[in-house]
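Subject: Structure handover

Hello,

Here is the structure we spoke about. Please open it alongside this note; the findings follow below.

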Amino acid sequence: MLIRRKKTDDALVALGFLSPSLLLLTAFLIAPFVMAVVLSFTNQRLISPLPTQFIGLRNYARLFSDPDFWTALRNTVLFAAVVVPLQSGLALFLATLINRRIRGINFFRGVYFMPVVITMVVVCVIWYFLLIYPEGLLNALVRAVSFGKLGPYDWLRDRRLAMPTIILISIWQGVGFQMVIYLAGLQDIPRELYEAAVIDGANPWQQFWHVTMPGLRNAHIFVLVTTTILAFKLFTQVEVLTQGGPLGATNTLVRYIFVSGYRRLKVGYASAASVIFVLIVLFISLIQRKLFVEEREIR
Amino acid sequence: MRRTRHLWLYPVFILFALIFIAPVEVMFVTSLKRDELEILREMTSFRAFWVAHPSLENYAAVLSGEVLGGTPFARFLFNTVLIVGSIVAGGIAVNSMAAFALARLRFRGRSFLVSLVVALIILPFEGLAVPLLLIVNRFGWLNSYHVQIVPFIAHPFSIYLFYQFFTKIPRELDEAARVDGASPWQIYWRIGLPLSLPVIATVAILQSLEYWNSFLWPLMVTRGPEYRPLSVAMNNFFGQYPRYWGDVMAFAVLTSMPILLVYLLFQRWFIQSVVRSGLKG
């Protein structure tokens, strides 16, 4: 009797504790997700005098036959494919560099992390100034370093340079985040492992590959997956710096959704693009979960 | 031997420090230059890093709003602080409560709800923005503060961070409290919340960074300067022609200052928050 009463008590109390968040999550996370799926089969517009109609797979058909969509998808994948290894690699390099007990190390760590806390729009504004064509500071630097042989480059308006430039700015802003994760991972590796490796005659390079890298397994998974997902969400940098240009060279999936859903008011069509976007992110996250589960099973 | 090797590394440390500091330094210096022609003349050389006659006139112009179409800078700052502050404060209450129930109470469907929260972490906001725009438009919420606050209070990842923390508090603690006649609400308020101070700090820092930065959503739901946050105001001002770099940089400095200052004061906390989000995720 007593136990039963306790149980019902807990259920009621739990409902009280949970209802605010469940209500909000349902209204602003689950409902929009379900709606994205449903709307993607309709011709829904943001504001329209005509009634919404079910149009089957037509949005998807149009999406897949729109070259701009494929350009945006390709740019996004390309951005992720370059940023993820470069940024993670640089982060790991900085973390190993900084993982020592010497004077001023906290200062350097703090400086490397600093751009992470600067608002992305501000980061873009600063870099826009540095990249001014033809007389900006970066062009001056390139000219000085190359003794006047290289440049000036129109970093943000040259079709071939715009995306690499966005990539460099993104790495500059974000690398401190992954560095800090790797730093924590490095400090979790037991010292004895290195001592044992030294006794076995391992040189620093071998130590890195056979002790450090396996020891960072969890940090690797986390860094790779979060960086990949962040990369797929690329929007602010391209909206502020290039508006997706020149000629779509820096347009991304999120910006494609933004333009079709918000600027052109085509909610149904943008929902179809959103569904594709969510599916890609879900797929990446599932890979992460799978890797983490395997790790647990090994233990 | 070891010490000399480390000394050799200092130039590398300094080189990277310069890469991260130099652009920020240029922002500060440029914001102090009054003469636009001087800025354009000096941006090609090392003079871009130096200001001969510092002036606060750009700041005066931005703060008074005379270059911002009459809206003083403080308005945008207030908007952002209000929005981010409300999300963080509301989020700490709502998310910790949910996590407490999931971690400490026994009821049917508990494990289902835990896996639901974990599953929801993955959903990227960018993919929900357009249907959400339709919803808030039907509510008549466009161009307001709450449209920028309410959808972001409940946060699956924050619930998860709190949940992990609450599951680690020994059960004996609240069993003892229950024997003494404390209600679950009292246990949450007197034991759960005070103990979870480190998680509160982590959640507060991560959320503040995320929403101080938010750009896509306020771009979609704000019209005039009234409810516009700093990020969108910065972008609009930057897109205005003719563009006066001195004013733009003063705006940029003022926008990044609050978070930079907090970062300088609580650097350790910031970095720990990031680490905590990573190793547990």
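Start with the interface. Chain A puts 72 residues into the contact and chain B puts in 71. On the chain A side, helix α1 (residues 2–39) of chain A gives the most, with 19 residues. By class, the side of chain A that touches chain B has 57 nonpolar, ten polar and five charged residues.

**Confidence**

Keep in mind that this is a predicted model. It scores ipTM 0.90 and pTM 0.90. The mean pLDDT of chain B is 89, and 97% of its residues score at least 70. Within chain B, the element with the highest mean pLDDT is helix α7 (residues 146–149), at 96. The lowest mean belongs to helix α15 (residues 267–280) of chain B, at 77.

**Chain A overall**

Chain A has 13 helices and zero strands. The C-alpha trace of chain A spans about 75 × 70 × 30 Å along its principal axes.

**Two helix pairs in chain B**

The crossing of α5(B) past α8(B) is left-handed. From α5(B), the contact uses V114(B), V117(B), V118(B), L120(B) and I121(B). From α8(B), it uses P156(B), F157(B), I159(B), Y160(B) and Y163(B). The class count for the contact of α5(B) with α8(B) is ten nonpolar, no polar and no charged residues.

The other pair is helix α3 (residues 57–64) of chain B and helix α14 (residues 245–265) of chain B. Their axes lie 8 Å apart, and the packing angle is about 70 degrees. That makes α3(B) roughly perpendicular to α14(B). On α3(B), the residues in contact are N58(B), Y59(B), A61(B) and V62(B). They meet G246(B), D247(B), A250(B), F251(B) and L254(B) of α14(B). The contact of α3(B) with α14(B) has six nonpolar, two polar and one charged residues.

**Backbone points to check**

Most residues other than glycine have a negative phi, and most peptide bonds are trans.

- In chain A, G245(A) and P246(A) are joined by a cis peptide bond, with omega about -10 degrees. P246(A) sits in the loop between α11 (236–241) and α12 (253–263) of chain A.
- In chain B, a cis peptide bond joins Y241(B) to P242(B), with omega about -5 degrees. P242(B) lies in the loop between α13 (230–238) and α14 of chain B.
- F147(A) has a positive phi, near 55 degrees, and is not a glycine. F147(A) belongs to the loop between α6 (137–145) and α7 (159–187) of chain A.

Best wishes

Note on methods:
Residues are numbered from 1 along each chain as its sequence is written. Chains are lettered from A and ligands numbered from 1 in the order in which they are written. This is a predicted model: local features need pLDDT of at least 70, side-chain atom pairs count only at pLDDT 80 or more; totals for chains, interfaces and linings use all residues. pLDDT is the predictor's confidence in each residue, from 0 to 100. Helices (H or I, at least four residues) and strands (E, at least two) are DSSP runs, numbered from the N terminus. A crossing is left-handed if the near helix is turned anticlockwise from the far one by less than a right angle, and right-handed if clockwise. Two residues are in contact if their C-beta atoms, placed from the backbone, lie within 7 Å. Ala, Val, Leu, Ile, Met, Phe, Trp, Tyr, Cys and Pro count as nonpolar, Asp, Glu, Lys and Arg as charged, and the others, Gly among them, as polar. Axes are lines fitted to C-alpha atoms, for helices over the stretch in contact, and angles run from 0 to 180 degrees between N-to-C directions. Angles under 35 degrees count as roughly parallel, over 145 as roughly antiparallel, 65 to 115 as roughly perpendicular and the rest as oblique.
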